[in-house]
Amino acid sequence: MVITAPLAMFAMLATYPSNGPSEMPWVTPLVFFSLPLLFAIPSLVLAIHVINRPPESSPDRPSAAAALCIAGLVVALALGPALDLLGNL
């Protein structure tokens, strides 16, 4: 998110006019959460694979559960504002 924050600020400057609302309010959240969601997808696949294995063969179950919780939080933070902005169109 530290990497995509300056890009999101530039996207906000490029898509929001100086007077009135933006015609594309979804661009800024898309740019801001694009890289974290891109990295979250492979981690979710790996975490689900670890969770589905038997408990005795996977000592990394707590780490996988934490990865699932963090990825869910990022998705919730990404989808909340984006869906709210889509409702205002």
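Which backbone oxygen lies 2.8 Å from a polar atom of the side chain of T15? The oxygen belongs to A11.

## About the model

This is a predicted model, where local features need pLDDT of at least 70, side-chain atom pairs count only at pLDDT 80 or more, and totals for chains, interfaces and linings use all residues. Residues are numbered from 1 along each chain as its sequence is written, and side-chain values use heavy atoms, with hydrogens and water left out.

You'll find T15 in helix 1, which covers residues 4-15. Helices here are DSSP runs of H or I with at least four residues, numbered from the N terminus.

T15 counts as buried because its relative accessible area is 14%; the cut-offs are under 20% for buried, over 50% for exposed, and partly exposed in between, with a 1.4 Å probe and protein chains only. Leaving out residues up to four places away in sequence, T15 touches S22, M24, V27 and T28, where contact means heavy atoms within 4.5 Å.

W26 sits in the loop between helix 1 and helix 2 (27-52). With a relative accessible area of 39%, W26 is partly exposed.

## L79 in helix 3

Now over to helix 3, made of residues 61-87, where L79 is found. Its relative accessible area is 45%, so L79 is partly exposed.

How many residues apart in sequence are L79 and D60? They are 19 residues apart, and in space their C-alpha atoms are 28 Å apart.

Technical notes
Helix = DSSP H or I, 4+ residues; strand = E, 2+ residues; numbered from the N terminus. Polar contact = N/O pair within 3.5 Å; in protein donor to acceptor, adjacent residues only side chain to side chain.
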